[in-house]
Amino acid sequence: MDYIIIVAGGRGTRMGTDVPKQFLPIGGKPVLMHTIERFYDYDHAIGIIVVLPKDQQPTWQTLCERHGFTIPHRVADGGATRFESSRNGLALIPDDEEGVVGFHDGVRPFVSNEVISDCYETAREEYTAVPVVPVTDTLRHVDSRTTRTFTVDRSLYRAVQTPQVFDIALAKQAFNQPDRKTFTDDASVVESLGVSINTVDGNKENIKITTPFDIKVAKALLDSDN
């Protein structure tokens, strides 16, 4: 069986609002519901696990009732770090389960069906898959010791998105180790085992909603789909 762990631990600090960003409304319903729908549309049988801080879970239940949101999913407790949250979600999958598991940001509601499919199919064959997009801005490297800066070749770099998808047994092994500061995403946890990370083409609309400007972009993307 395949799974998706949707990590939604935001507090809305950069949004300048008391409402957690995953609960902010776009198109008449919370961002998180749009995100869940993307994976349910890809595969009705996929096991959906949503990771939320304990104090946000009653609010989520209320929102589901208010919006008549009935897509089946389980809820895991969020942790102090992304690593802990992902590990808590992964713990809901039986240790002997076969298949692949994806980790996705709860505030990325515009991942395309094609990207989801490419990630899962690649991970099924190659054990790992991460969606990436080209870097379009000029990049400068900053040397913290000398304060010198210099331009780097942006063609050598890619911006990383989610879902990041892995063989379940491999993910379980990776998240069985202690957290480290070098773990900046789920792929870096798996990569620390010496495993190669395969990349697939992402979609540019797969933005991560973290600021008020992102909400404006999200509403425009929704309008363009309708």
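This is a predicted model: local features need pLDDT of at least 70, side-chain atom pairs count only at pLDDT 80 or more; totals for chains, interfaces and linings use all residues.
Residues are numbered from 1 along each chain as its sequence is written, and side-chain values use heavy atoms, with hydrogens and water left out.

The protein has seven helices and twelve strands (DSSP runs numbered from the N terminus, with helices being H or I of at least four residues and strands E of at least two). Its C-alpha atoms fill a box of roughly 55 × 45 × 30 Å along the principal axes. Of the 226 residues, 45% are buried (under 20% relative accessible area with a 1.4 Å probe, protein chains only; exposed is over 50%, and partly exposed is in between). Among contacts (heavy atoms within 4.5 Å) between residues at least 6 apart in sequence, 72% join residues at least 24 apart.

Ile 6 sits in strand β1 (residues 3-7) and counts as buried because its relative accessibility is 0%. Beyond its neighbours within four places in sequence, Ile 6 contacts a set of residues including Leu 32, Thr 35, Phe 39, Val 50 and His 104. Thr 35, from helix α1 (residues 31-42), is likewise buried, at 0% relative accessible area. The side chain of Thr 35 reaches the backbone oxygen of Gly 106 at 2.7 Å, a polar contact (a pair of N or O atoms within 3.5 Å; within protein, one must be able to donate a hydrogen and the other to accept it, and residues adjacent in sequence count only if both atoms are side-chain atoms). Thr 35 also touches His 104, Asp 105 and Pro 109, among others.

Some loops deserve a look too. Asp 143, in the loop between β8 (139-142) and β9 (149-152), is buried because its relative accessible area is 15%. A polar atom of the Asp 143 side chain lies 2.9 Å from the backbone nitrogen of Arg 145. Most residues other than glycine have a negative phi, and most peptide bonds are trans. Tyr 127, in the loop between α4 (113-126) and β7, has a positive phi of about 80°. Thr 162 and Pro 163 are joined by a cis peptide bond, with omega about 20°; Pro 163 lies in the loop between β10 and β11 (164-167).

Now for the pockets. A pocket is an open set of points on a 1 Å grid over the protein atoms alone, where a 1.4 Å probe fits, with protein on both sides within 12 Å along at least five of seven lines; lining residues have an atom within 4 Å of a point. The largest pocket holds about 500 Å³. It is lined by 26 residues, and those closest to its centre are Val 7, Gly 9, Arg 82, Asp 105 and Lys 208. The second largest pocket has a volume of about 250 Å³; Val 133, Ala 159, Gln 161, Lys 204 and Ile 207 are the closest to its centre of the 13 lining residues. Strands β7 (128-134) and β10 (158-160) each supply at least two residues of that lining.

Definitions and conventions
Grid points are joined across faces, edges and corners, and a volume is the space filled by probe spheres set on the points.
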